[in-house]
Amino acid sequence: MRSTVVGSFPAEESSPSNFKDKLLNTFGSYDPFKEAIKASVIAQLDAGVDIISDGQVRGDMVSIFTKYIPGMKIEDGNTVIVSKIRNPTQEISINDMKYAKKVMKEYFNGNIPEGKGIKGIITGPNTIVHSSRIQSFYKNKEDAIIDLAHSLKFEVDAIVKKVDPVYIQVDEPFLSTGMVDMKVAKEAIDIIHDGLEVPLGMHVCGLLNDAFKDIAKFNVDILDMEFAGNNVNLGVLEKNASLLGDKKVGFGCVDSSVNEVDDIKDIENLVLKAIEIVGKDNLILDPDCGLRRAPKDVAFEKLRLMNEIKDKYS
Ligand SMILES: [Zn+2]
């Protein structure tokens with residue numbers, strides 16, 4: 001059994017404190033999030049997480065991508081599709097990931113141990129288009145989703161080439177809402193998976209009683225879902241586990257929707273049940289969703305307890 005995070009970690013912007021940072025600030029090149037990335041990497045590693053993220057500290061999961069994608073613009077914080085969606089104008093997450101990996105390497109005195117590493121995370125094309133407004137060019141969301149999948153593939157390939165991640169995760173919370181055309185959604189994920197040299201994971205939030213049978217058939221290697229914050233999904237998994245084929249399960253076992261530390265007995269019971277259903281070699285433990293909204297010490301403690309259970313049953 002290994003452990004990971006869904007992605008986001010509580011972050012604080014810092015202000016320049018030493019001469020170099022003040023100088024950088026003068027030229028507009030001081031990065032107020034660099035310390036937050038470092039703190040999030042160290043917290044994840046201290047808590048025992050095997051496959052870390054860069055903390056996704058820079059902001060909301062949609063605009064962080066759409067601000068670099070031609071055809072999309074941000075108005076009052078919301079993304080509007082205004083013309084044909086094309087490849088990103090620059091790499092989006094590479095610098096943060098490189099920095100996070102550097103911090104990780106230093107943490108382990110130069111050699112990242114076998115089984116540990118960092119993953120690349122992108123927000124999926126279905127989720128981005130469904131949370132955006134089409135103003136012009138596209139007659140329907142589906143065509144925009146396919147173009148956006150090609151655009152995001154550009155970023156995914158850059159991550160694989162330049163950061164050597166353990167795997168790529170696509171976040172598609174909208175797939176459980178019933179609003180998404182599953183055939184197009186699956187096609188979009190296939191575009192991202194095409195020729196990928198590392199495993200592909202997909203994170204879906206929410207209740208899965210209606211969506212699981214479709215989602216289980218997506219062409220991904222890891223399917224990540226939430227099991228701590230609701231009492232529906234575990235039953236759905238138990239009944240339909242055979243649909244997963246040889247996929248691994250990202251198993252949300254701490255509740256990211258409450259800002260208090262989970263009872264370790266609850267985590268343990270959930271994980272035992274998951275071991276029974278899919279087997280421990282097919283399990284990757286993680287929180288239900290990102291931990292952005294939790295206080296830092298609570299986020300840390302959630303991850304620490306999750307890893308205590310992982311160690312007990314690995
Ligand atoms: Zn989520």
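Good morning. The structure I shall present is a predicted model.

Let me start with the protein as a whole. The chain folds into 11 helices and 12 strands. Along the principal axes, the C-alpha atoms occupy a box of roughly 55 × 50 × 35 Å. What radius of gyration does the protein have, and what would a compact globule have? For 314 residues, a compact globule would come near 20 Å, and the protein has 19 Å, which agrees. Of the 314 residues, 48% are buried. If we take the contacts between residues at least 6 apart in sequence, 75% of them join residues at least 24 apart.

I turn now to the packing of helices. Two packed helices are described by the angle between their axes and by the distance between those axes. I shall give both values for each pair.

Helix H2 covers residues 34-46, and its axis comes within 9 Å of the axis of H4, with a crossing at roughly 45°. Are these two helices parallel or oblique to each other? An angle under 35 degrees would count as roughly parallel; H2 and H4 are therefore oblique. Their crossing is right-handed. On the H2 side, the contact involves Lys34, Ile37, Lys38, Val41, Ile42 and Leu45, and these meet Asp96, Tyr99, Ala100, Val103, Met104 and Tyr107 of H4. Sorted by class, the residues of this contact are 9 nonpolar, no polar and 3 charged.

Helix H4, residues 94-107, also packs with helix H6, residues 141-163. Here the angle is about 30° and the axes are 10 Å apart. H4 and H6 are therefore roughly parallel to each other. This crossing, too, is right-handed. From H4, the residues Ile94, Met97, Lys98 and Lys101 meet Ala158, Ile159, Lys162 and Val163 of H6. That contact consists of 5 nonpolar, no polar and 3 charged residues.

H6 in turn packs with helix H7, which covers residues 182-193. The angle between H6 and H7 is about 20°, and their axes are 8 Å apart. This pair is therefore roughly parallel as well. H6 passes H7 in a right-handed crossing. The contact draws on Glu142, Ile145, Ile146, Ala149, His150, Leu152, Lys153 and Val156 in H6, together with Val184, Glu187, Ala188, Ile191 and Ile192 in H7. Its residues divide into 9 nonpolar, 1 polar and 3 charged.

Let us stay with H6 for a moment and consider one of its residues, glutamate 155. Is glutamate 155 buried or exposed? It has 23 C-beta neighbours inside 10 Å, and therefore counts as buried. Setting aside residues up to four places away in sequence, glutamate 155 touches Pro88, Glu91, Ile92, Ser93 and Ile122. By contrast, leucine 285 lies 130 residues away in sequence, and the two C-alpha atoms are 26 Å apart.

A second residue of interest is aspartate 255. Where is it found? Aspartate 255 sits in the loop between strand E11 (248-254) and helix H10 (264-278). With 22 other C-beta atoms within 10 Å, aspartate 255 is buried. Beyond its neighbours within four places in sequence, it is in contact with Ala228, Gly229, Asp262 and Asp288. Aspartate 60 is 195 residues from aspartate 255 along the chain, and their C-alpha atoms are separated by 20 Å.

Finally, I come to two residues with particular backbone angles. Most residues other than glycine have a negative phi. Asparagine 109 is not a glycine, yet its phi is positive, at about 55°. Its place is in the loop between H4 and strand E5 (117-118). Asparagine 109 is exposed, with 7 other C-beta atoms within 10 Å.

Phenylalanine 137, again not a glycine, has a positive phi of about 75°. Phenylalanine 137 lies in the loop between strand E7 (133-134) and H6. How many other C-beta atoms lie within 10 Å of phenylalanine 137? There are 14, and phenylalanine 137 is therefore partly exposed.

That concludes my presentation. Thank you for your attention.

Conventions. Residues are numbered from 1 along each chain as its sequence is written. This is a predicted model: local features need pLDDT of at least 70, side-chain atom pairs count only at pLDDT 80 or more; totals for chains, interfaces and linings use all residues. Axes are lines fitted to C-alpha atoms, for helices over the stretch in contact, and angles run from 0 to 180 degrees between N-to-C directions. Helices (H or I, at least four residues) and strands (E, at least two) are DSSP runs, numbered from the N terminus. Angles under 35 degrees count as roughly parallel, over 145 as roughly antiparallel, 65 to 115 as roughly perpendicular and the rest as oblique. A crossing is left-handed if the near helix is turned anticlockwise from the far one by less than a right angle, and right-handed if clockwise. Two residues are in contact if their C-beta atoms, placed from the backbone, lie within 7 Å. Ala, Val, Leu, Ile, Met, Phe, Trp, Tyr, Cys and Pro count as nonpolar, Asp, Glu, Lys and Arg as charged, and the others, Gly among them, as polar. The radius of gyration is taken over C-alpha atoms; the globule rule is 2.2 Å times the number of residues to the power 0.38. A residue is buried if 20 or more other C-beta atoms lie within 10 Å of its own, exposed if 12 or fewer, and partly exposed in between; C-beta atoms are placed from the backbone.
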